[in-house]
Amino acid sequence: MTGSPSTPERPHAPGRGITAGQQADHEAAVEAALGKLDLDTKTRLLAGQDFWSLPALPEIGLDSLVMSDGPIGVRGVRSTADDPSIALPSPTALSATWDPDLAHRAGQLLAQEARRKGVHVLLAPTVNLHRSPLGGRHFETYSEDPYLTGAIGTGYVRGVQSGGVGTTVKHFVGNDAETDRFTVDNRIAPRPLRELYLAPFETIVKNAHPWGIMTAYNTVNGTSMTEHRYLVNEVLRGEWRFDGINVSDWTAARSTVGDALGGLDLAMPGPRTVYGENLAAAVRAGQVDEPVVDEAVRRVLLLAARTGVLTTTEPVVPAEALPAPVDGDALAREIATRSFVLLRNEGGVLPLDPAGPRIALSGAAARDARVLGGGSATVYPDHVVSPLDGLSAALPEGALSYELGADPANELDVAGKGFDLRAVCRDADGETLASVPLPSGHIQWMGNDLPEGVSYENVHTIEVTGTFTPRESGTHAFGTRGVGGFRLTVDGKSLYTGEVRLGDAADPFEAFFGKPTERGRLDLTEGESVELSLLHTVAKPEGLPIQAIVFTLLHQDPEHDADELIARAVEAARAADTAVVVVATTERVESEGFDRRDLNLPGRQNDLVRAVAAVNPRTVVVVNAGSPVELPWREEVAAVLLSWFPGQEGGAALADVLLGAAEPGGRLPTTWPKTLADAPVTRTAPTDGKLEYEEGVFIGYRAWEKAGATPAYPFGHGLGYTDWTYESLTVEPAGDGLTVTVRVRNRGERTGRETVQVYLAPTDPVPDAGRSERPARWLAGFAGVEAAAGTSAEAVIHIARRAFQIWDEEAGDWTAVPGPYAVEAGRSVLDLRVSAATEI
Ligand code: BGC
């Protein structure tokens with residue numbers, strides 16, 4: 001079989017932020033470089049030389065192009081304590097700000113971080129949708145609404161690329177859950193595919209001109225996404241004029257010919273991929289035409305030109321044109337305060353009086369904050385401000401008490417607090433190759449991401465060694481996770497010697513991040529340091545697509561009587577003016593590689609909240625979770641504040657918001673159900689390999705409205721510290737859309753920020769039939785406005801023609817649905833205050 005690319009002519013119009021002159025220079029530099037490369041070198045350039053980078057080709061002035069995750073920080077190619085990263089709030093938090101300008105500033109900071117770490121392309125943003133609250137990477141994506149997702153993603157991509165760093169918008173498309181993610185065939189009809197799942201990608205491609213896209217692990221309608229010629233070459237490149245690279249998700253590329261003909265440019269990670277010499281062989285065998293390879297190489301070289309890696313031309317953003325430096329700690333704090341969603345505030349219990357209250361704080365996450373979600377999105381910040389740290393710093397001496405209350409971590413966790421660790425790497429003769437500090441007991445060295453002097457080939461053992469200073473007296477448990485040999489010694493006592501073999505896990509994540517295993521217990525005393533050593537013999541299993549050294553030293557604090565913990569928190573709460581309880585999910589609940597099974601808060605956290613609320617009517621619950629959880633006590637407490645995974649400055653931001661220095665600015669980007677059973681989509685597991693998106697266009701609030709059901713908190717909901725009156729709404733034609741002007745007045749006592757949301761609702765009394773069945777309303781625009789107490793402000797919002805269109809499955813095109821519409825504005829999808837009629 002032979003094939004030629006069905007890509008359109010390359011667009012000559014430069015993308016956003018790129019001048020016509022730059023585009024022409026880049027294209028000329030790319031052609032000159034391409035002309036000097038032979039087939040083997042070209043195909044080598046289409047695969048990673050290691051986990052994160054492409055080969056350098058000095059003969060054409062090409063440096064090695066480096067990529068890194070994304071999206072809340074830039075991990076870089078190393079994950080060690082000496083290479084920390086700023087950790088911003090989770091993507092769900094960023095979208096809760098409903099502020100593309102803030103996303104833009106986040107992007108600028110990330111570009112600055114990328115440059116600091118020698119990274120040219122950020123593997124972000126993640127713009128799959130919240131189809132079901134069970135989706136394991138829900139925290140890493142923005143919203144159940146494609147418009148909000150597209151708007152935040154556009155700001156983010158523009159921000160990163162304004163700093164001269166590329167993005168790969170991911171995972172194109174349909175990676176909305178994690179169960180069987182490598183093999184699942186998501187069956188998505190054309191309308192939901194276009195109107196929901198492709199829509200954020202389309203918006204971002206058209207408005208932010210990303211320099212890359214990442215194709216997903218999954219299959220869509222029978223074709224693996226890395227081979228999806230129709231969606232990649234016809235839709236993305238053809239209809240939308242995308243001119244960037246298409247990189248596979250890590251290990252997603254599985255077919256040399258299928259991927260090449262399907263429009264995949266880059267197979268990652270290396271060095272073992274279906275491209276490289278396999279692709280050269282396929283060309284020589286006549287299975288792939290060389291022009292297909294050339295097109296892919298052009299796109300890789302164009303990315304290199306844009307990011308300054310192809311040194312024969314100027315990058316899009318030369319050093320002298322870089323944006324002003326950003327203070328990462330300050331921005332992390334600002335985004336966090338702007339993202340916190342005040343779900344409930346009975347009697348105005350918040351904000352608290354910073355001078356007055358005695359606060360009884362409880363909850364494990366108040367002390368050990370959960371600041372980010374797990375998996376490839378993990379970064380290692382150099383410090384974390386917990387709620388306990390943040391409130392202690394902001395309150396007068398003696399005003400704050402702390403009790404654990406309930407510990408959701410009912411199993412071993414990565415050795416962290418109290419551990420001071422190094423990794424000593426040795427070869428087979430026992431010679432030391434390197435000794436490096438470790439941020440925690442987790443080692444994750446992929447490809448060449450190894451300490452200086454260490455290689456996958458020469459390393460034989462890695463000893464995690466150092467001291468542990470217990471925070472409490474009692475019986476401490478220690479354990480391991482990972483594959484290979486282990487010898488664990490704590491305080492001179494041998495706890496375990498043995499070997500763990502690689503099972504038949506299909507997902508490398510399962511192999512490396514599987515269930516923790518306890519290896520022994522020891523009675524230790526608070527404050528008394530002990531020596532420890534975990535000697536790991538590196539397993540180098542055959543047949544893995546990646547070279548990775550991943551294992552973990554685990555630890556668990558002494559277990560306490562759960563009733564006693566609650567009783568102590570209750571006593572403290574009884575004696576205080578205000579009780580603040582922080583509840584949280586754990587890394588075993590929200591992470592990559594698996595979906596959630598339920599929406600419960602783990603452990604006895606619900607009991608803790610109820611018991612505290614029973615003795616203190618001024619109980620404020622802080623929900624530290626990246627995705628919806630059930631809050632069965634929500635009507636029994638005075639206030640509920642959602643802090644998401646708030647990033648490294650979360651505790652400082654929490655103090656700002658609880659004590660009134662800042663208003664909680666967030667609005668829900670996704671509906672919060674009362675119970676999982678109420679959620680419209682609860683199936684994320686395929687049957688016989690297939691997952692039917694049978695709900696069509698009805699996900700999120702579109703589905704809640706269709707069912708006539710009421711959630712715990714609707715899409716768009718979020719209180720501030722002031723009140724707003726919606727005074728008027730006017731609609732005027734503008735271009736092929738509308739301009740909507742909404743006047744709001746701040747009738748509270750302090751300056752505030754309001755997120756004005758505009759929805760479009762068809763009002764034709766004749767119900768839509770069959771294929772054109774539409775939701776009751778959908779988000780068509782929004783804007784944030786600020787106003788001082790007593791003053792008014794105007795939100796001016798453009799509604800694009802697309803808001804009136806549906807994807808006509810028969811015509812294979814967008815079509816506007818004529819008829820009368822209500823243009824409605826308000827504070828959430830269920831709290832609409834003003835409206836006007838319009839007709840198209
Ligand atoms: C994830 C991607 C990530 C890649 C590299 C994959 O498992 O799905 O989002 O960019 O790993 O870490």
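In helix H4, the buried residues are Leu102, Ala103, Ala106, Gly107, Gln108, Leu109, Leu110, Ala111, Glu113 and Ala114, where buried means under 20% relative accessible area, exposed over 50% and partly exposed in between (1.4 Å probe, protein chains only). The model is predicted, and local features need pLDDT of at least 70 and side-chain atom pairs pLDDT 80 or more, whereas totals for chains, interfaces and linings use all residues. Residues are numbered from 1 along each chain as its sequence is written, and side-chain values use heavy atoms, with hydrogens and water left out.

Helices (H or I, at least four residues) and strands (E, at least two) are DSSP runs numbered from the N terminus. H4 comprises the 17 residues 100–116 and reaches 24 Å from its first C-alpha to its last, close to the 24 Å expected at 1.5 Å a residue, the expected span being 1.5 Å times one less than the number of residues. The cover over its buried residues includes helix H3 (91–96), strand E2 (121–122), helix H5 (146–162) and helix H12 (328–339), with contact taken as heavy atoms within 4.5 Å. At the N-terminal end, Asp99 caps H4 through a side-chain oxygen that lies 3.0 Å from the backbone nitrogen of Asp101, and H4 is followed by Gly118, whose phi is positive, near 70 degrees.

The largest nonpolar core has 92 residues, of which Phe172, Val173 and Val742 touch the most other members. Such a core is a set of buried Ala, Val, Leu, Ile, Met, Phe, Trp, Tyr and Cys residues joined through side-chain atoms within 4.5 Å. This core lies between domain 1 (20–316) and domain 4 (722–839), because both give residues to it; the domain bounds come from an automatic or database domain assignment. A second, separate core of 61 residues includes Ile60, Val274, Ala304 and Ile546.

Thr215 lies in strand E6 (residues 212–215) and counts as buried because its relative accessibility is 0%. The side chains of Thr215 and Asn246 are joined by a polar contact of 2.8 Å, that is, a pair of N or O atoms within 3.5 Å; within protein, one must be able to donate a hydrogen and the other to accept it, and residues adjacent in sequence count only if both atoms are side-chain atoms. Not counting residues up to four places away in sequence, Thr215 touches residues including Phe172 and Asp249.

The ligand is surrounded by 14 residues, the closest being Asp69, Arg137, His171, Asp249 and Glu592, with a residue counted as near if one of its heavy atoms lies within 4 Å. A polar side-chain atom of Asp69 lies 2.5 Å from an oxygen atom of the ligand, and one of Asp249 lies 2.7 Å from a ligand oxygen atom.
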